[in-house]
Structure formats: structure tokens, C-alpha cells
Amino acid sequence: MPALVFWALVALATLTSLATAWALGANSNSPPFAPAIGANAISTMRAAFMIGILAALGALTQGGAISETVGAGLINGVQITSLAATAGLVTATGFMLFGVYTGYPVPAAFATTGAMVGVGLSLGGDPAIETYRRIALFWVLVPPVSGGLAYLTATLLRRDDIPETVGVPLLAAIVAGIVANVQLGVIPAPPGAAQSSIAGFIARQVETPTIAGVDSLAVLVTLAAAAAGFQFIRRRTQASPEGGIRTFLIVLGSVVAFSSGGSQVGLATGPLENLYGTELGLPGIVLLVLGATGIIAGAWMGAPKLLQATSREYAQLGVRRSIAALVPGFIIAQIAIALGIPISFNNIIISGVIGGGLAGGSAGVSRRKIGVTLTFWAITLSASTAIGFGLYQGFAAVLSG
């Protein structure tokens, strides 16, 4: 391939990746703060600013695993070229834009995964069947797990015998304990590992006995973080129950936005893994910076309008159902990041809203809407695979001609 053509493709692939990251920042990272806006706990513009910062930080510190899966784990036997990356990103971004402008629930993870499988097959690669099974199992489990966790959370918050000065702080304790064990790329990791958690790092500084294979000091750090989270929110709820709930909504929105950036950036950067890492010889952080830049720009420029719309929907749900929907989102997103599995936040949040609604005796979502959502998820996955396959073939034919 002539050098001029190669660098033109590199530029096109990079711009397309930035556009994809922009779309993710404007749309997929917005829902976490919508409940806080609906509860008048934070203004729309301040929420958009925080979403950009937090999602970009999540992208930089947690985005590597999913980026690697999307870029190298979906197809065997071939490397994703610059032309293939461009075809895949154009396909995925097209689906996302279709969802934005039509209002249909198009999940970014489904679109990107399907597109990259399609271009990989078009390159002559072999299906990574084991990876597909692992991803499919996770995707299938997301609705019942998210819905189930949301149901339990909403039930806890609705119980008359558990005051809000106890129920909300308990949820804060769970979130804080998980935060202490979140894997981050900026924390020094042990030999052979790419990331480490705060609890794991502290535990390695002191030689302590293990219990059932778990370092006892890591457990103590987790419990200490949980106790701090419980005490912080408990003081707020004792001073004012509604004020405490609003504070927790902001904290919860922050950790979910951070997790969203870590889980979503790989959808934009993954297709460029081989191009940037192998062909250009650049370190992985360069690609994550590219994705984080697109996400923060999308959040600051495009999120306010979507936040205003979604905050009204969450205001109708109420703060307790909103909390019930977001807690599973945080937990499942962190599990997906740890496993390197691309996920759709739409899938998680919608399932959480339904589960939280069932705790009140009604899902609050029509069967027709659920059916339409599931149908579009299936259509997105299959259609993006076919279009990605055909688009690469068309690009290759034009260049060879």
C-alpha cells in the first residue's frame, strides 16, 4: 500500500474513532446523572461537566481490557487493518447515529461487536467462538441480574421497618466497598498483572495471612471503605433524608459515569488496537487518550440536551427507583470491565428500571416497549455484522480498483 494511502487511512480511522467516542460521550455516559438532575441535586451543565471528566478518567484508567477484546479478541487468524478498522467504526457509528436521531434503542456494544466481527470475517478471519459464547452468556445474564439487583435494592428502600437513615447508607457502604476493589491502571500492579485495586495495593505493602485465598488486609481495607461510605451518607440522611438521598445520587452518578467511561471507550478505540500498537508502534495509553478526548468532548457538547430529556424520565420514576436502577449498573459495569466484555448501558439501565418497578408491583414499562427494545438489540447485532462485512468489501474494491 502506498505511504500516502496508508496515512490517509490512519487519519480517517482516527477521525472515525474520535467521532464514535464523541457519540458515546454524548449519549451512553449521560444516564448516570439524570436521576440527580431530576431530583434537583445538581444542575444540567454541572452534571455534563462532571460526566466528561469522570468518564474520561474511567476511559484512561480502565479502558484497556475492553479495547483489547474489541480490537483483537473477536476474530482469529487475522489482524484488523486500518481499512478494516475504518469500515467497522463507520458501521458502528452509523448505527449509533441512527439511534440518536430516531429514538430507537440501538446499543453501542452490540453495534460495535457486530461490526468488528463482520469486518474480521470479511478479512478472512475465523470466528472466535469461545469469546462469542462468553460475551453472549454475559449479555443474556445482564437483564435478570440487573433486574434482580434492582428489585432487591428497591425492596430495601421501600421497607417501612428500615428507615432511610439505614437503607440508603447501607447501599452507600456496598458501593464504597466495591470502589476499594475496582481495578485501576494508575495503581502499581503486581508482576504479571496490568491493573490493581486500592485494597490490593495496600494489602501488598504488609505481609498478612490469607483467609480462603483472600488477603486479610484487603478485606479490612474493603470493610473500612464500606464503613466510611456508610457513615458519610448516614450523617447526611440524619441531617435531612432528602438531602442525604440527593448526595448519594450524585456520588452514585459519579461512580457509574466513571465506570461507563471505562466500559465504553473500548468500543471506539478497540478497532485501532492493531493499527496503533503494531503498525505504528505506539503505547496503549495513546489510544486511550484519543478515546478519552472524544468522550469528554461529546459529554460537554452533546450531553446537556440528552440530560434534560432523560432527567424528566427519571424524575417520573422517583429517586428510589432511580437508585435501584443505577446500583446494578455500577456493579455489572465493573464486572464487565474486569472480564474484558463489551456491554450496553442501555441493556443494564432498562433492566434495572424494570426490576425496580416490579418491587412496587408494576414494571412501569409496557410489554410493547420491551419487545421493541429486544427486537432492535437483535437487529443491531445481526445487521451490523452484515453491513460491516459488506462495507469492508466495498472499501477494498474501491482501493484495489
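Contact is defined here as heavy atoms within 4.5 Å. The structure is a predicted model, in which local features need pLDDT of at least 70 and side-chain atom pairs count only at pLDDT 80 or more, whereas totals for chains, interfaces and linings use all residues. Residues are numbered from 1 along each chain as its sequence is written, and side-chain values use heavy atoms, with hydrogens and water left out.

With neighbours within four places in sequence set aside, phenylalanine 33 is in contact with Ile42, Ala47, Met50, Ile51, Leu54, Ile250, Gly253, Ser254, Ala257 and Leu307. Phe33 is also listed with Phe248, Leu252, Leu272 and Ile323 as having the most contacts inside the largest nonpolar core, which has 93 residues. A nonpolar core is a set of buried Ala, Val, Leu, Ile, Met, Phe, Trp, Tyr and Cys residues joined through side-chain atoms within 4.5 Å; buried means under 20% relative accessible area (1.4 Å probe, protein chains only). Helix H11 (residues 241-269) supplies the largest share of this core, 11 residues. Another core, of 5 residues, lies apart from it and includes Ala199, Leu217, Ala218 and Val221.

Helices are DSSP runs (H or I, at least four residues), numbered from the N terminus. Helix H7 (residues 129-158) has 30 residues and reaches 43 Å from its first C-alpha to its last, close to the expected 44 Å (1.5 Å times one less than the number of residues). At valine 142, H7 bends by about 35 degrees, and proline 143 follows within four residues; the bend is the angle between axes fitted to the seven residues ending there and the seven starting there. Among the buried residues of H7 are Phe138, Trp139 and Val142.

Notes. Helices (H or I, at least four residues) and strands (E, at least two) are DSSP runs, numbered from the N terminus. Buried means under 20% relative accessible area, exposed over 50%, partly exposed in between (1.4 Å probe, protein chains only).
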